[in-house]
Amino acid sequence: MYHQQLDDFPENFLWGAASAAYQIEGAYQEDGKGISIWDTYAHTPGNTYQGTTGDVAIDHYHHLEEDVALMAKMGLKAYRFSVAWSRIIPDGEGTVNEAGLDFYRRLIHELRKNKIEPVLTLYHWDLPQALQDKYAGWESRQTIVAFKKYCEVLFKAFKDDVKYWVTFNEQNVFTSMGYRWGTHPPKLKNIKKMYEANHIINLANAEAINLFHELVPKGLIGPSFGYGPVYPLTGDPQDVLASVNADDFNNNWWLDVYCRGEYPYFMLKQLQKAKIAPNITEADRKLLKSAKPDFLGINYYHGGTVQTNRLEKQAETANQKDFSATDPYLMQPEADQAQSPEIPMFNSVSSPYLAKTEWGWEIDPIGFRIALRQVYEKYRLPIFVTENGLGAMDKLEDGQIHDSYRIKYLQEHLLAMKEAITDGVEMIGYCAWSFTDLLSWLNGYRKRYGFVYIDRDDNGERTQQRIPKDSFKWYQKIIAENGKQI
Ligand code: BG6
């Protein structure tokens, strides 16, 4: 589809930027805050890049007014942030900490005063440590009860001031990192537990949405999913089939549950055969069906390319060997097959067509348009892009940051989004990741994403001075013109 002329962005399009509590706030023990699993994880040697933590982060907790003033200067229409559960309920399920609520009250008040729409994420990975210790966190249905209570506190406190709410940030990422790869807390490599915990989080998501619709009838709520389109490496039907598998495995497994209230049929069947499917009761099925998100948050960084899996090929030659008879854990594949170790459905490979960032992430703006089209076609929910951006090692030169590479990246992605809108995708807004530089969970402070440079690095807190980058001015203009000229 080629458009000679692109449609305008909708009039009230929410031009925004995003962040997450652990990555910016710091003050990790102040005003009654409890410890989160990320506090514990980052304090354990060997878990993060050079032992970096969010103890101080970019000290947003003490720079709140200054940071919002910069957002206002930029002309932001929306700001997405997350609430640290352990600030609100330090042990996850007990007494509410008023001082924690006050911090977010102040933030929301400042945003509203400056006509910036707050977009509140309920869960961006920092589970209270107490719930991990007591219930093994998301492995237990007790954590759903605690999450509901936490949500209720926030819904009641902010129902008149916050219209847009995000339930879970990238459930696909934090469950995979936490339970498959063992690189996030709780640092396990246990596929069975991963599917079980993931199911419990699905139930928590559904409970939160239903409660929200009861308590905040004028608000809008949805999950933010880390979505990437899947490409077959070649036109060989074997590779195409692998891409269908990978799409089920990487995307539909979560999105179908969120948007259709049921697990994708083929994938569930595979997991049942391999004896690693979650335990789903009749009541669970009903609950999942009953909860309908109002929009779908999409975090887009890149897609993925796949080819047919060698193990699958071998299996075919061995006369359709039945994988259910095999212990899934024995199917540990070679490195390049690592995407679906439990069932050999596809191999992930590098795309020969795409350039990469300094951290090896593929740069694929067309994939962004494809992503928006695919998701909208399938689920027909308005889309809110809740993250998209470029991590790079910015250099401060004479007090300035000339991040032309970031401008180029964002420009190409905004153009792709404008094309998707012209194609017909219904969109609420776009939050670039991120407003200020912040802590990258595993990559420290040198992987910078912000429009605003923060004078701190992996070795220390330095001055914490805020310095707008070239991209700040560029985005300011885009917003002022409502994306007329990208
Ligand atoms: C998303 C997360 O996965 O990607 C963010 O929601 C994260 O919290 C962002 O920071 C970028 O990832 P990274 O690893 O480059 O910091």
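Two strands are taken to pair if DSSP finds at least two bridges between them. Helices (H or I, at least four residues) and strands (E, at least two) are DSSP runs, numbered from the N terminus. The structure described here is a predicted model: local features need pLDDT of at least 70, side-chain atom pairs count only at pLDDT 80 or more, and totals for chains, interfaces and linings use all residues. Residue numbers start from 1 along each chain as its sequence is written.

Confidence was examined through pLDDT, the predictor's confidence in each residue, from 0 to 100. The chain averages a pLDDT of 93, and 93% of the residues score at least 70. Within the chain, the highest mean, 99, belongs to strand β3 (residues 117-123). The lowest, 51, falls in helix α13 (residues 310-317). The pLDDT is below 50 over residues 313-339. Beyond near neighbours in sequence, this stretch has 32 contacts in the model, a contact being two residues whose C-beta atoms, placed from the backbone, lie within 7 Å. The model scores ipTM 0.99 and pTM 0.94.

Strand β1 (residues 14-18) is mostly covered, with five of its five residues buried. A residue is buried if 20 or more other C-beta atoms lie within 10 Å of its own, exposed if 12 or fewer, and partly exposed in between, with C-beta atoms placed from the backbone. In a regular strand the side chains alternate between the two faces of the sheet. From β1, Leu14, Gly16 and Ala18 point one way. Trp15 and Ala17 point the other way. β1 pairs with β11 in the parallel sense over five bridges. Gly16 stands opposite Cys431 in β11. β1 also runs parallel to strand β2 (residues 78-82), joined by three bridges. Here the bridge partner of Gly16 is Ala78 in β2.

Strand β8 (residues 304-307) is covered on both faces. Gly304 and Val306 are buried on one side, Thr305 and Gln307 on the other. Strand β6 (residues 230-232) and β8 pair in the parallel sense over three bridges. Tyr231 stands opposite Thr305 in β8. Strand β9 (residues 347-349) runs antiparallel to β8, again with three bridges. Gln307 stands opposite Asn347 in β9.

Helix α15 (residues 404-423) has 20 residues. The helix reaches 28 Å from its first C-alpha to its last, close to the 28 Å expected at 1.5 Å a residue. The expected span is 1.5 Å times one less than the number of residues. Buried residues of α15 include Arg406, Tyr409, Leu410, His413 and Ile421. Among the elements that cover the buried residues of α15 are α14 (365-379), β10 (383-387), β11 (427-433) and α16 (470-480). Gly424 follows α15 and has a positive phi, near 125°.

The ligand is surrounded by 15 residues, each counted as near if its C-beta atom, placed from the backbone, lies within 6 Å of the molecule. The closest are Ala20, Glu170, Val173, Gly391 and Ser440. The shell divides into five nonpolar, seven polar and three charged residues. Ala, Val, Leu, Ile, Met, Phe, Trp, Tyr, Cys and Pro count as nonpolar, Asp, Glu, Lys and Arg as charged, and the others, Gly among them, as polar.

His43 lies in helix α2 (residues 37-43). His43 counts as partly exposed because it has 14 C-beta neighbours inside 10 Å. His43 and Ile370 are 327 residues apart in sequence and 40 Å apart in space, C-alpha to C-alpha.
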